[in-house]
Amino acid sequence: MGITQLLFWLLTTLTLGSALMVIFSKNPVYSILWLIITFFAISGHYVLLNAQFLAIVNIIVYAGAIMVLFLFVVMLMNLNMPSSPLKNKWLMFAGVISGGSLLLVLVAALKDTEAMRNGILMQTGDIGLIHNLGKVLFKDYILPFEISSVLFLSAMIGAVVIGKKA
Amino acid sequence: MTLLAFDWAFTVEKAILIAVIISISLVVAMYATYAERKVAGFIQDRRGPNRAGPFGLLQPLADGLKLFFKEEVIPTHSNKFLFILGPSLAMFTAMMTSAVIPWGGKVELGGRMVDLQVADINIGILYIFGVVSLGVYGMMIGGWASNNKFSLMAALRGASQAISYELAMGLSLIALLMLTGSLSLRTITDQQIQGNWWNIVYQPLGFLLFFICSLAECNRAPFDLPEAESELNMGYHQEYSSMKLGFFLFAEYINMFISCTVIATLFLGGYDMPFVDESQLSGVTALLVGLLALFGKTFLLIFIFMWVRWTLPRFRYDQLMNLGWKGLIPLALLNMVITGAVVLFTMK
């Protein structure tokens with residue numbers, strides 16, 4: 001077993017373990033901290049795939065910005081007390097069914113994709129490096145890229161407008 | 001020596017380098033506290049610390065010992081684990097940034113090419129931003145776990161300041177990156193050594209913006225609202241005592257040292273000694289000259305940080321936010337557009 005494989009299994013265990021801890025933690029602040037660890041482990045996977053840019057952007061955007069906002073909300077609402085367990089049995093039933101069907105759809109969609117058949121390029125391939133990724137984004141996919149930036153901009157303006165009203 | 005198809009001598013080399021860099025950061029941060037008080041004394045026309053040892057040189061040791069021997073109080077109803085995690089995270093993130101800084105050129109020692117940079121990754125600057133954005137957690141977790149309203153409010157104040165100035169900091173760097181075309185700090189330094197001018201000549205506004213944002217990110221005056229001792233009921237570390245408080249304060253001095261090194265690397269030529277052609281010198285001499293140059297620039301910047309602190313009054317909170325969002329970000333955007341236009345019209 002090479003060092004890459006060793007790291008892969010280590011990171012996978014860490015990812016799944018901390019993702020489970022997000023759900024099982026009683027204290028919401030702990031959940032957020034576990035989620036940050038999950039993001040770090042996923043970034044580790046990106047590094048193994050030689051996608052350093054994705055790895056660091058994942059950390060900056062998710063661990064660095066979005067989780068800080070989560071932490072803000074949890075701390076200000078003081079959700080420290082363990083939340084009461086869900087009483088409604090039917091609600092739990094519906095949750096399990098909808099979550100399960102989403103999982104089924106995802107597995108069905110990803111099962112036969114090219115990437116799964118060809119195996120994953122470990123440590124090789126340079127599409128994840130910033131130079132190549134930039135060229136692909138700004139040459140081949142320029143229209144979708146611009147459309148999504150307009151979407152982000154409108155969401156931002158919308159948030160400001162709503163914030164001003166309140 | 002290979003085990004698991006892995007070069008272990010390389011690991012040992014990097015481990016030694018990391019240990020040396022961390023010890024240097026700690027010693028520099030320690031004497032930065034001494035320098036801060038001496039500079040304050042100089043500016044306010046008094047002597048500063050002069051009792052412990054010659055010229056008061058042992059003062060940092062005395063302060064450290066004092067912090068170690070103070071009683072350690074963990075408030076009741078606080079979250080003990082998070083209370084300890086806060087200062088640890090602050091120290092940890094302060095130490096992590098130094099990994100991508102090129103401290104000197106490559107040099108041949110004992111038949112190996114030794115690189116004075118822990119990791120030359122091609123996203124060096126983004127790595128620094130990643131670590132800086134994580135720096136907020138130490139503050140927030142520490143402030144919240146103290147179970148004190150004032151700590152929590154100070155933590156929120158500090159976190160929103162850090163997030164706001166991170167934005168302007170990133171935007172001010174984009175213009176620089178347009179010129180260099182690389183995110184690797186090693187490449188940026190090499191370009192400045194080979195080219196005629198340092199980046200500060202091409203990016204004066206970018207340098208100024210980056211410098212101001214570094215002051216804010218290090219919680220240095222005039223942006224030291226998160227730790228206003230008397231006016232705002234201290235800060236997120238109000239409940240901390242003993243060495244945990246020491247960790248929070250010490251992490252800030254390490255941050256100051258590292259961010260001065262980053263500024264020196266990005267804008268002031270890194271380990272480039274002005275008026276000296278490094279390629280003429282032999283390996284070890286060039287290395288020493290480079291280290292001298294880098295540390296000289298860093299210490300000069302640290303002095304300017306202290307000079308600013310003891311000269312300017314603190315901002316009010318709304319002034320701070322107005323400056324960040326309505327002053328620095330539009331300026332950074334303007335700088336970006338102008339640089340983009342110049343790059344477009346001259347380089348093609």
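Buried means under 20% relative accessible area. The model discussed here is predicted.

Q: Is A:Asn58 buried or exposed?
A: A:Asn58 sits in helix H3 of chain A, which covers residues 52-77. Its relative accessibility is 10%, and the cut-off for a buried residue is under 20%. A:Asn58 therefore counts as buried.

Q: Which residues does A:Asn58 touch, not counting residues up to four places away in sequence?
A: A contact needs heavy atoms within 4.5 Å. Leaving out residues up to four places away in sequence, A:Asn58 touches A:Phe39, A:Ile42, A:Ser43, A:Tyr46 and A:Ala63.

Q: Why does B:Val289 count as buried?
A: B:Val289 belongs to helix H10 of chain B, residues 283-309. Beyond four places in sequence, B:Val289 touches B:Met273 and B:Leu281. B:Val289 counts as buried because its relative accessibility is 18%.

Q: How much area do chain A and chain B bury between them?
A: The size of an interface is often given as the accessible area lost when the parts come together. Here 26 residues of chain A are in contact with 26 residues of chain B. Of the area buried between chain A and chain B, 80% is on carbon and sulfur atoms, and the total is about 2,300 Å².

Q: Which helix supplies the largest share of the side of chain A that touches chain B?
A: Helices H1 (3-24), H2 (28-48) and H3 of chain A each supply at least two residues of that side. The largest share is 13 residues, and it comes from H3(A).

Conventions. Residues numbered from 1 in each chain as written. Chains lettered and ligands numbered in written order. Predicted model: local features only at pLDDT ≥ 70, side-chain atom pairs only at ≥ 80, totals over all residues. Heavy atoms only, no water. Helix = DSSP H or I, 4+ residues; strand = E, 2+ residues; numbered from the N terminus. Buried < 20%, exposed > 50% of the residue type's maximum accessible area, 1.4 Å probe, protein only. Buried area = accessible area lost by both parts, 1.4 Å probe.
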